[in-house]
Amino acid sequence: MAPTSDLSGILHRTFGHREFRPHQQAVCEAAAAGRDVLLVMPTGAGKSLCYQLPALALGGTALVISPLIALMDDQAGKLEALGLRVARIHSGLSRDDARKACRDYLDGMLDFLFIAPERMRVPGFPEMLAKRKPTLVAIDEAHCISQWGHDFRPDYRTLGQHLPALRPASIVALTATATPAVRSDVLAQLQLRDAAVFVTGFRRENLAVEVVELSKPQRLAFTAKLLKDKESRPAIVYAPSRKAAEEIAGELNRQFPASAYHAGLPPTVRESVQREFLSGKLDVVVATIAFGMGVDKANVRTVIHAALPSSVEGFYQEIGRAGRDGLPSRSVLLHSFQDRKMHEFFLERDYPPADDLARIRAVLDGDFVPSEQVYRRLRMPEDVFAKSLEKLVSQGGAVMDFGGNVKAADESEGWQRGYHRQVAFRREQIDRMVAFAETAQCRMGALVRHFGDTTDRTGACGRCDVCRPEEARGSVSRSADTGERRAMRAILRAIEGSGRSTGKLFTDLALTKDRREFDGWVDALGRAGLLTVAGETFRTPEGRDVTYRKATITFEGREPDERTMDTVLLREEAPEEAKSKARTRNRDKPVAVELNAAQRGLEASLRAWRKGLAAESGKPAFLVLSDATLLAVAAAQPRTLGELERVKGMGPQKVEQFGAAIVGLVRGGAVPDSAVGIGVAAAVSAAAKVKVKEESRRARETPVGERVEVPRRAAPVVVRPMAAEELTAEQLRLEAEIREWRRGEAAAAGLPSFFVLSDTVVRSLAVARPGSLPELRAVPSLAAEKVDRFGAALLGLCRG
């Protein structure tokens, strides 16, 4: 056991740091005190120091087990640069180098020895390590140990068998991605004793996460355009295959220095690419998702996934390579429904039917035989045999030595149970990745919750494409016009009774001939919280599983008013050409609007007015009026509210909010102060106010069961039976006040209203009318963080 008081001294003397990063000190102190440690900390947060510093404090040699040659070489090189004695043993080095590393280890000449996990299967190697026991064993990428991890490796699974011979060394297991299930499995497999477990730091404050639904043929051009901006580089692009990596790198290299990096390249080529990327000679590296990078480069500005990863864990680990220097960075995930099909194909390829594993198990006995002999006897397809044998060994149904000889394991049929569970888990990982890509929640918040970081505040990040759609690089957002709102309401009505397949909805409703436009409407409704979309599976009579997307309505999606529909923002592609089109095109006509001199003058006045309004509210300008609507107003030059309401893109809500100001500009007069501030509920003429009162009167006289859309400043007028939830006049008044308060909070934050409180919670508050903090906490669906943030204001409203 080493004294922990000198850790700060070693940190400064050896590593040149005067203080620890967040959470590092507690981890180092536990390891230096001789405790086993499981550390789950994101890429770039300083995990490596958490084994390196305790190892130096303990003295002797630390054994580091790592699955990535690139990562191993990178860490070893950095330690050598600090003047420490380091050796490596992996397949990229010669036999002479490996022998020298073993001699130096036995002679006590090393501070650190890095090895690949496969080395523990080499006859005599574990015994060599045990002759001079290490003082600490660090297991990097420890999630590879677990069959529930995203990158499970059988050689990692067997590490626990060798660790007892290396005791009393403390074991430090490190990973950037481990869910609660993976953490439990790692602790069990490594037989860690009274381990100190640290799970922290998953929120990346400087990383904006964005997801763009894009067909495969469009992704290469999109990637090239996104990275054309020098501020977006250096960058890493993750490709789904070696072939795709080569194709993408070749195309990008036409514009700026870019190279592929994958396991099929010679070691010298990989080392050259890594070296040039680290030195800044290469702007972009295109790497296969399966192989990973293992490159510690602090100033990576962008990480692009050219296809959907197979798991959230793998995705998070890869985006963690962006922005390690703490400066603003971006992750962009490109995907489509076809990516799920690709992963299902890979799943069936990599996980053969259990019957194939059983055939191999049936011909094995207790003696080792060459695997080639088993293959010839069974006459299975070579690829199926290789995968089946690999899975049988990983599940404990067979044992394989370093020479490729195989025999039956002592365990009987338990491997079948484990194999079925593993296949189901892999399928679940795909489902979770698809759900993440399609979620309407904050991207970073979803990642934090996935990994169970109990130290996090779990709030919205304010940076991702959900929190800040106007800042997304892959899309621009705009309000829906009248025709689009009509189509989206039709979609909501069609799923009121029960959820339906989006493909069937597209066919049956026939709202548009463009499937991409239809999917855009569904996506916008989902992000606004009016419906949810989830992957579902049904089995055909032939026994084939078919997946599809199912849309289901939410409580907020039933009878949404115009104010709610204002929160529905449509996405459009954001390459420069697409952005230009999105800002200038008329939705019904692809040609640009041509304006005369008077209309151009009005356009300039409208833009200046919109800019001031946007600056006051903190919202992007397009949320006030889209460019298409602004141009339509300039072309139409409406001089009355009735004429304005007939302009495409101007609904009753927009007219109520901005009508007086716009008509005033058209008439050439000054805009009244009351018509400028967005905090004013409406700046309408006397005639418009009379119109509202008249419609409200008609609503009160409407027969029960009907609904009248009323231009409103608070809650919609809904006259229908509500069973146990029927609101009294006082509850309606309170609901209106809460909605008006919510609108102000949303405007100040630049977010849709439902991000503050959902309509369900607003209704629950109006019914319950809590008068104390305990009563407020008891309101259904009101999250604890909402109580902490808005409790005082809500109690004030409820108390009157």
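1. The buried residues of helix 13 pack against strand 8 (207-213), strand 9 (235-239), strand 12 (302-305), strand 13 (329-335), helix 18 (414-438) and helix 19 (443-451). Helices (H or I, at least four residues) and strands (E, at least two) are DSSP runs, numbered from the N terminus. This is a predicted model, in which local features need pLDDT of at least 70, side-chain atom pairs count only at pLDDT 80 or more, and totals for chains, interfaces and linings use all residues. Residues are numbered from 1 along each chain as its sequence is written, and side-chain values use heavy atoms, with hydrogens and water left out.

2. Helix 13 (residues 312-319) is largely enclosed by the rest of the structure, because eight of its eight residues are buried. Buried means under 20% relative accessible area (1.4 Å probe, protein chains only). Among the buried residues are Val312, Phe315, Tyr316 and Ile319, and also Glu313 and Glu318.

3. The axes of helix 2 (residues 24-32) and helix 3 (residues 49-58) come within 8 Å and cross at roughly 40°. Axes are lines fitted to C-alpha atoms, for helices over the stretch in contact, with angles from 0 to 180 degrees between N-to-C directions.

4. From helix 2, Gln24, Val27, Cys28, Ala31 and Ala32 meet Leu49, Cys50, Leu53, Pro54 and Leu58 of helix 3.

5. Gln75 lies in helix 4 (residues 69-81) and is buried, with a relative accessible area of 8%. Leaving aside neighbours within four places in sequence, Gln75 is in contact (heavy atoms within 4.5 Å) with Ser48, Tyr51, Gln52, Phe114 and Asp140.

Definitions and conventions:
Buried < 20%, exposed > 50% of the residue type's maximum accessible area, 1.4 Å probe, protein only.
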